[in-house]
Every structure is written in C-alpha cells, then in structure tokens.
Amino acid sequence: VVKGAAVVMSARTYADFTTQASFEIKKCDVHKLDDAPATEVVLTREEGLQYYRIMQTMRRMELKADQLYKQKIIRGFCHLYDGQEACAVGIEAGINLTDHLITAYRAHGYTYTRGGTVKEIMAELTGRRGGIAKGKGGSMHMYTKNFYGGNGIVGAQVPLGAGVALACKYQERNELCVCLYGDGAANQGQIFETYNMAALWKLPVIFICENNKYGMGTSVERAAASTDYFKRGDFIPGLRVDGMDVLCVREATRFAADHCRSGKGPILMELQTYRYHGHSMSDPGVSYRTREEIQEVRSKSDPISMLKDRMLSNNMASVEELKEIDVEVRKEIEDAAQFATTDPEPPLDDLCNHIFSNEPPLEVRGTNPWTKLKSVS
C-alpha cells in the first residue's frame, strides 16, 4: 500500500512542477556593439533537466578519466574539462548541430555534445578499437560530424576554424563555425592573422576564448599585458560572459550566432570560466594556485550546482528526480569504463588505414624497411 501511495505522490508532484521560469542573469561586457544579450531569460523545465544531465555526464566522465589515468590505464596527454561544463552546454544550446565547431585539446566535453557517446570517448582515451577515432587519436584527437576535433598545436585550430567558416559562406548554407581557444593560446600570432582575414571576408565565425584563468601553470595576469580578451579582436566586436552560468553562455551564443548569420562577419566571445584539475594530468594544479582558490570557485560558482539550485528553488524539479539522473549517469559512465578497459586494442594492420578518405589501397612501409602494410581508406 505504501509503495502505491509513493507512486501516486510522485505522479502528483510531477504535474505540479513549474514548466518554465524567468531568470535574471549577469550582464555581459560589450566591445564595439550597440546592443547586448538579454539579461532576463526563460528556462523551461525540460531544458533545465537536459542541461543538468549533460553537465553531470561530462563531470562524471572527466572524474572517471582522472581515475583511469592514475591507474595507468589512460596514458599520454589528457586534459580534463571539469569546471567548464557550462561553456560547452551553453554554446551548444545557442547554435545548431548543423553548425560547426573546432577546439583545442580540452575536447572530451565537446566530443560528447557533438554526438559522440561516453563509451566511444572513454574507449578512445584508453586507445581501444571501439574508440571514436578507432583508438588512434587518444585524448587530444577526437572528431564527429561537424566537429573538427581536439587539436594539439596551441592556437592552430583558430585558422582552421576560419577555413571552415569560409566554406560555410562559400556554400551559402547559413551555417557558422565556433572556434574555441584558451587564454594561453590567445597570445598566438596566428590568432590575430585569422581575426584580420575573418573581418576582411566577413566570415560567419564566433571566436571564443575560454578563459580558465591559467595557461598551463601561468596566470593570465602574468601572461598577457591586457586580459580583456573580448577586446583583443580590436576591429571585431566582442562580449565578455560569465562562463560558469549556462544561461549566460546560451544567451550570449544566441546573440553571437544571430550576428554571424545576419552577414555582419565575425564576433568574439570571452567566457570567464575555471578548471578544477591542473592543465593536464601531469600537472597537480596546486603549485601556482591554492587549494582554497579552487574550493572557493567550487562552492560559489559551480555550473552544475548553480543550475540545480535555480531549478529546485523555482519548483522546476525535485531533489529525488535529480538524484535519479545522477544514478543513471553514474551507471552510464561505469558501463563505458568497463567497455574501455576490456575492448581490444586496434591491430597493427590498422595502423596505416584512413590516411586518405577515398584513395585506392596503397603500400606503406611498416615498422622496419622489410615489413609492408596495406593502407585502406
């Protein structure tokens, strides 16, 4: 009887939830713009639950990657995204999956939002056959449709992204390219060269600097004479956004996307965010900043907690419901980790495959002058 009552109870409370609510969000700083993104935004219950699930999945996936790395199951480079989830989720909520996206090597979160599965991402991290790049890319090099990957060379993805935006313009499909880089890469010369070409050709590109306050182990103040990254485009309009609030990021991205689609050319966004882990797994992350600093960000502006508090205080979800999502997410991550540790590694014969996308098979010299491998596109 009690069980039946509980079911009735939950059925009743589901109907009682607020289906949407308005929120006051932080104003963006603007550069060379007459208007700015709205500060009053609407969030539906459905959107809130979706954002919550995606951010939780990213967070848990990165924590699992941390664990597997420490167990030496993941090797090589590994840059984690936990703390920055509101950037990825907010950007994706403001554009379409038919738009294009390119980023640097902190790429696991975007591989997921762009359509990769947790299973494929985890298996790629462990270098297995079922990985999203068939186990050949690892942490830094993952790709899906309209997502041109994690790129390992600092800042090099920015001119590549402008090339994608040029293709968008050339093909007249009303698509745009989001081009992401960090505060560390923001001082690269090629970025300024790209600004120039993008402005000249009015390319539909949103340049986004994910400013997580540290380039490797160097704080932005020690690395840049001007930390107003949103003004760095000079002749390109810019926005500075609270990158810890998924609604701020979504609103600013929608605004930027409208700017690009209306033929006004490029726009620059700086998302002020924070990474909880070190720069990469080989960086403990506490030699150049204090544990207290990290703790303070976690307690005051964690993107997941902020969304959760908003939803609960506006009666848009129940604690039990969110807990249920957490349990489902944990299970998905555990299953993916299980797969990523048992799936076989790719065979040596696969080493040379997919050098070209559509060439006939060709012979490639193997690991010594006497072995030959056949490459298949």
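Leu-166 counts as partly exposed, because its relative accessibility is 37% (buried is under 20% relative accessible area, exposed over 50%, partly exposed in between, with a 1.4 Å probe and protein chains only). You'll find Leu-166 in helix α6, residues 157–171 (helices are DSSP runs of H or I with at least four residues, strands are E runs of at least two, numbered from the N terminus). Keep in mind that this is a predicted model, where local features need pLDDT of at least 70, side-chain atom pairs count only at pLDDT 80 or more, and totals for chains, interfaces and linings use all residues. Residues are numbered from 1 along each chain as its sequence is written, and side-chain values use heavy atoms, leaving out hydrogens and water.

Now for something buried. Thr-126 sits in the loop between α5 (118–125) and α6, and it counts as buried because its relative accessibility is 8%. Setting aside neighbours within four places in sequence, Thr-126 is in contact with Leu-68, Ile-73, Ile-74 and Ala-340 (contact means heavy atoms within 4.5 Å).

Next, take a look at helix α11, residues 303–313, where Pro-303, Ile-304, Met-306, Leu-307, Arg-310 and Met-311 are buried. Down the axis of α11, these buried residues fall within an arc of 165°, so they line one face of the helix (the arc is that of the directions from the helix axis to the C-beta atoms). Among the elements covering them are β1 (20–24), β3 (40–44), α2 (45–70), α3 (85–94), α9 (246–261) and α10 (291–301).
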